[in-house]
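Hi,

Here is the structure I promised to pass on.

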Amino acid sequence: MNCCATQIAQDLHENTPSKFANSPEEQDFRASSNVLEDGSTQSELIIPNMHCAACISKIEKSLGAIPYVISVRANLSLRRVNIIWDSKIGKGTKFAKELSNLGFESFLSQDEDQATKLLAIESKKLLLALAVSGFAAANIMLLSVSVWSGAQDETAKLFHLISGLIAVPAVAIGGRPFFISALKALLAKRLNMDVPISLAVLLALGMGLYETFTSGQEAYFDACVMLLFFLLIGRYLDHLMRLKARNSVESLSKITTKGGILLDEKGGTSYISLDDIKVGQCLRVYPGERFPVDGTISSGASDLDRSLVTGEGISVRAEVGDSVEAGVLNLTGSIDFVTTSNAKTSFTAEIKNMISAAENGRSRYVRIAERAASIYAPAVHLLALIAFVSWMVITNGDWKSSIYIAIAVLIITCPCALGLAVPVVHVIGASRLLKEGIIMRDGSAFERMSEIDSIAFDKTGTLTNGALKLQNTQLPNDKISKIISALSSQSSHPIAASLNAGFSAFSNAKLVNIREISGLGVEARHNGKLVRLGRPNWVFEISNQTVDLEPNTNVAFCESGNAIYQFSLVDTLRVDAKNTIDHFKSKSINSAIISGDRAFLVKKIADELEISNFSSQMLPADKINFLNKLQSAGSKVLMVGDGLNDAPALASAHVSMAPASASEVGRLASDFVFTRPSLMTVAFTWSVAVATKKLIQQNFAIAIIYNCIAVPLAMFGYVTPLIAAVAMSSSSILVVANSLRLNFSKFDGGQIISTTSSMEQSKRKEVVT
Amino acid sequence: MNHLLVLIPIALGLGLVGLFAFYWSLKNGQYDDLDGSASRILEDDDEV
């Protein structure tokens, strides 16, 4: 840790308390930290690429070595580090710097995190309930076995008494999630699966206690606790999957703009938080930052990357008087702008409103388990009632044995297998997806995905890579190429970066007087001669030749007085885009393109992919209309998109997918996020979803067959606690075993994704070496 | 019957010990970071 030691010394040196909290980053940092009771500050950083023991110890040691840090604890499962530090004697932004020195990217945890934390607490409670009911089920089962194998009189009574003593607290703790959910449903005048579960468990417990105190022979303590145990397994798995999915998606998220730099009349600058920005204020945005709100440029000029906002692939030039939307990325020059909206009325806020409106529609989707419950729960209650009434008639009013039989019906029909059938399949499906780099956000996404009959793709960043690629196959000679490589490395403009990637095989020539001219390009002197790389017209000025601009040229190079070189950079198709479209065509699922980009660019891609249904220059609202029109005609649409402008469409589609490179809002609005470059992941996800649907249907069939056998037995009074125990556990085991088959199935495109991503990796290695 | 009076409390007691051990470990945060705990064992620095 020598490297850190010197830095800490420096840091201590500059530690004068007055300057701790004045930078915008520091204020952002402090705003998302908590002050603990003892006056220390607790902050949490998300570190997406922390993945091994060495990472943990590196992070904990180097952060722990900072003098004002009280304690550090890294959490590998959540990819977070929890830091408790003294904010009076040091800066929080230092942590991020320290981490980036170690090679770790880190983000502040966001507000949405609160939901994750609640989910984590909830799953801990479920785990405890699971443990308690597991303990109770095991012990009561042992006691029950001796009763079943012939213990009588006082012994049986004693065993029942002990079982009851274990069962009562176990039901109180383990049954809580079900009771609460059932109560909620009843208060809302609905029936869900938890109502018959709660009823069965409570009645079984009550009957068991009555039997025990009246020295009866049959007690269902084991059944009711085992029921809870099985159901809690399903519930816990479901919870764990959601927690994991949330975490993976959130660890992708980048810091969103939380404020801006405010200019006052005297020309001074100060930090202003997003909520305090008012209409008519003058704000400054530096290159590499995003606009916090909408506005009109008042001074400065720059290139803007609007790809996430409008879907335009190529950066646009913006000058004084142009209007900008919140979320647009400023690329080259510093810009002052006058705000025309505040945080609540900006473009981003508008998009968020559209998303929540669209999500309301989706929340009406009823999951398959709930649909099953809406038939199952009333049926079970009806059967139990029929059993009770008919036995009352047959036995001439022997209410005791009639109630026993009714309870037996409730217990035996309890949806153990159903409660496990869905979560187990979804958990296995999600883990299959995760192996291919696909993150699922919600279990119901599988069900919706399996129903789709058409797909709408966004263009930029989805069908295409969203990054430009050099098209020229013939590169200039070595000398020129070295100059181009050197020049292009000097600019942060995306075109320069892409050009530089095309010239990665060349070393950099030596340049002097390097100067980036915003909006035009980079110029420098090479061996005394002026060289320029940038906008064709600007480059042509220093040439002695006159050449025609080639149609696809977007950047040119010239050495003063020499020949001109023109380069064309275009956005290329994503890996396997054509394969994917063809694959879906063969499954008779139609594809369409809905893009915010200009018509001729969209048409080109559509022609290449042989998609006849495409629309261009669509605003977010147009995209929603497009989907709504299809969906109101009864079609179920999968939306694949990445931009902020796609986000409302992602939320309003039947199901949606986004690449990991998508805007944060886009990712949060979609059901699946894929991290591999191949578009075949879409086909893969679809085929996994179809397989899970099939398995769930099979599991339901098993449950129905089981009930067809068990219910008549219970109705005719043949069910004893022993039979109930055997029947319940065997049906559950059968369902789980059937679900496990998903681990061994093969899916469309799985092979392709793995091979292309390993090819990508080996390519990257080549570049590195 | 006498054997049972000894054996049953022992059996239940052992189960309860296990349950409380689990409860303690849950409260103690040992289930917060399953992947991390699995990896931490590989750290081999002996500084105490």
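Predicted model: local features only at pLDDT ≥ 70, side-chain atom pairs only at ≥ 80, totals over all residues.

E19 covers residues 521–526 of chain A and E20 covers 529–534, and they pair in the antiparallel sense over six bridges.

Now for the domains. Chain A is divided into five stretches of assignment: domain 1 (2–109), domain 2 (116–250 + 364–424), domain 3 (259–291 + 293–345), domain 4 (426–466 + 572–769) and domain 5 (472–567). I looked at domains 3 and 5 of chain A, whose C-alpha centres lie 29 Å apart. Their contact takes 11 residues from domain 3 and six residues from domain 5. On the domain 3 side, strand E10 of chain A (residues 302–305) gives the most, with three residues. By class, that side of domain 3 has five polar, three nonpolar and three charged residues.

Then there is the contact between the chains, where 17 residues of chain A meet 19 residues of chain B. On the chain A side, the elements that give two or more residues are helix H3 (53–64), strand E3 (69–75) and helix H5 (113–148). H5(A) gives the most, with seven residues. The chain A side divides into 12 nonpolar residues, four polar and one charged.

Finally, a word on confidence. Chain A has a mean pLDDT of 81, and 91% of its residues reach 70 or more. Among the elements of chain A, strand E26 (residues 637–640) has the highest mean pLDDT, 93, while helix H1 (residues 2–14) has the lowest, 40. The pLDDT is below 50 over residues 1–18 of chain A, a stretch that has 14 contacts in the model beyond near neighbours in sequence. Residues 761–769 of chain A are also below 50, and that stretch has one contact beyond near neighbours in sequence.

Cheers

Conventions: Residues numbered from 1 in each chain as written. Chains lettered and ligands numbered in written order. Pairing = 2+ DSSP bridges. Helix = DSSP H or I, 4+ residues; strand = E, 2+ residues; numbered from the N terminus. Contact = placed C-beta atoms within 7 Å. Nonpolar A, V, L, I, M, F, W, Y, C, P; charged D, E, K, R; others polar. Domains from an automatic or database assignment. pLDDT = per-residue confidence, 0-100.
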